[in-house]
Amino acid sequence: MGSEVSKQMERRKTIQTEKKSLSDLKSSGEDYPGSDYRPQDRKNWMSHLDPQKLRINQIVWPGTHDSATNKIGIPLLTRPFAQCQSLSIYRQLSLGTRVLDIRVQEHRRVCHGILLTYGVDLVLNDVKKFLSDTQSEILILEIRTEFGHEDPPEFDKYLEEQLGEHLIHQDDAVFGKTVAELLPKRVICVWKP
């Protein structure tokens, strides 16, 4: 009987600790700088920030994981195992996403594991369409070769050809620069072969 009471006391103590932790998380999650910023126009949310003062490393970057998996696999059969996003790249960007995580394989097709979907050119076309529709939105485009696949041949040159006019030159100080210092260039492309 004594051990049961002791277990109950320990459980109550654990529950109280967890409740406090959750309470602390809830309050701290809304207290970071800019957390009260809720733009009406999510497609152009960066345009309402102060580009002269705001540094790239001060922005909380909303992004998506395996961003281009909306059409991957066979619906109802393999898609549920690989689809991380249900919206197109353009739609995600229009809703406020500014970091895209794209996985590719040797034939420049988007993939997730062994499943393939459309070519990366469709992703880049959506990015370019979004850039043409907006004036001051900056994107981080992270493209990597999916684990278990080969690098697409000369992919760095391909990315430069496709995005050249929009690419932000990367150096050690790029994330310390203000938005105004980077414009009119608008894509930070991180290629990880």
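I began by counting salt bridges (a side-chain nitrogen of Lys or Arg within 4 Å of a carboxyl oxygen of Asp or Glu), and the count comes to 10. I was working in a predicted model, where local features need pLDDT of at least 70, side-chain atom pairs count only at pLDDT 80 or more, and totals for chains, interfaces and linings use all residues. Residues are numbered from 1 along each chain as its sequence is written, and side-chain values use heavy atoms, with hydrogens and water left out.

Next I looked up arginine 103. It forms a salt bridge with aspartate 66, with the closest N and O atoms 3.7 Å apart. I found arginine 103 in strand E2 and aspartate 66 in the loop between E1 and helix H2 (79-82), 37 residues apart. Helices (H or I, at least four residues) and strands (E, at least two) are DSSP runs, numbered from the N terminus.

Arginine 103 also meets glutamate 146 in a salt bridge at 3.5 Å, N to O. Glutamate 146 lies in the loop between E5 and H5, so this pair ties together parts that are 43 residues apart in sequence. Asp66, Asp101, Arg103 and Glu146 are linked in a network of salt bridges.
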